[in-house]
Amino acid sequence: ANEDLVRLPDNMDFVTAAVLGCRFITAWRGVTTQGALKAGDFIAIHVCGGVGLSAIMIAAAVGALPIAIDIDDSKLEFAKTIGAAYTINAREVLQVPEAVIEMTKGGAHVSVDALGSWETCKNSIRCLRKQGKHIQLGLMAGAEANPPLPMSEVIAKELQLIGSHGMQAHQFPKMLEWISSGKMHPEKLLGKIITLEESCEALTDL
């Protein structure tokens, strides 16, 4: 159907466009629409994979203060180059929620579980300030599905738990405009370019 087609800006190459799906568009809707992130907000991003790094770049473009959380120092260093204001190595910091609350003097306004595990989901909820928003972007499957949640904190802090999954075509224009104008550079998230023939082996390796 035509409503599923999105016209690319004339100045956008196909490689940049390929980076957008599905991690960048997933992060865009999660942060801007579902999270309603504003300039000056603190946002905690739990795990710096493709979705998490995309969320950091988008949050920085909004004017928010992204806190990148991961167990890999190289990923955290890269996160700084695309807009992370703060970083936390969860292998070295035993109490991630407490560290975020101290760093932000009260907790994050928005927090994203970009992985989809019991631990990252719980940490994301627990690091929020009163009336904060937890955005679940990471898919929770297998043994990590249906985690026990800290509902006492959800009630006491009046938190919002929000799911987000993909993005409809009509929401693309603003995102594409920000990329075309140079406000965001998703091509920086590209690891390497391979041929179509090489893709079968690459997918198997992944």
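What is the handedness of the crossing of helix 1 and helix 7? The model is predicted, with local features requiring pLDDT of at least 70 and side-chain atom pairs counted only at pLDDT 80 or more, while totals for chains, interfaces and linings use all residues. Residues are numbered from 1 along each chain as its sequence is written, and side-chain values use heavy atoms, leaving out hydrogens and water.

Helix 1 (residues 14-34) and helix 7 (residues 172-180) pack with their axes 12 Å apart, at an angle of about 125°. Helices (H or I, at least four residues) and strands (E, at least two) are DSSP runs, numbered from the N terminus; axes are lines fitted to C-alpha atoms, for helices over the stretch in contact, and angles run from 0 to 180 degrees between N-to-C directions. The two helices are therefore oblique to each other, a class left after roughly parallel (under 35 degrees), roughly antiparallel (over 145) and roughly perpendicular (65 to 115). The crossing of helix 1 and helix 7 is right-handed, meaning that the near helix is turned clockwise from the far one by less than a right angle. Contact (heavy atoms within 4.5 Å) involves, among others, Phe-24 and Trp-28 of helix 1 and Met-175 and Trp-178 of helix 7.

An open sheet is formed by 6 strands in the order 3-2-1-4-5-6, with parallel pairing; two strands pair if DSSP finds at least two bridges between them. Strand 3 (86-89) and strand 6 (160-163) are the edge strands, each pairing on one side only. Strand 4 (residues 108-113) and strand 5 (residues 128-136) pair over 5 bridges.
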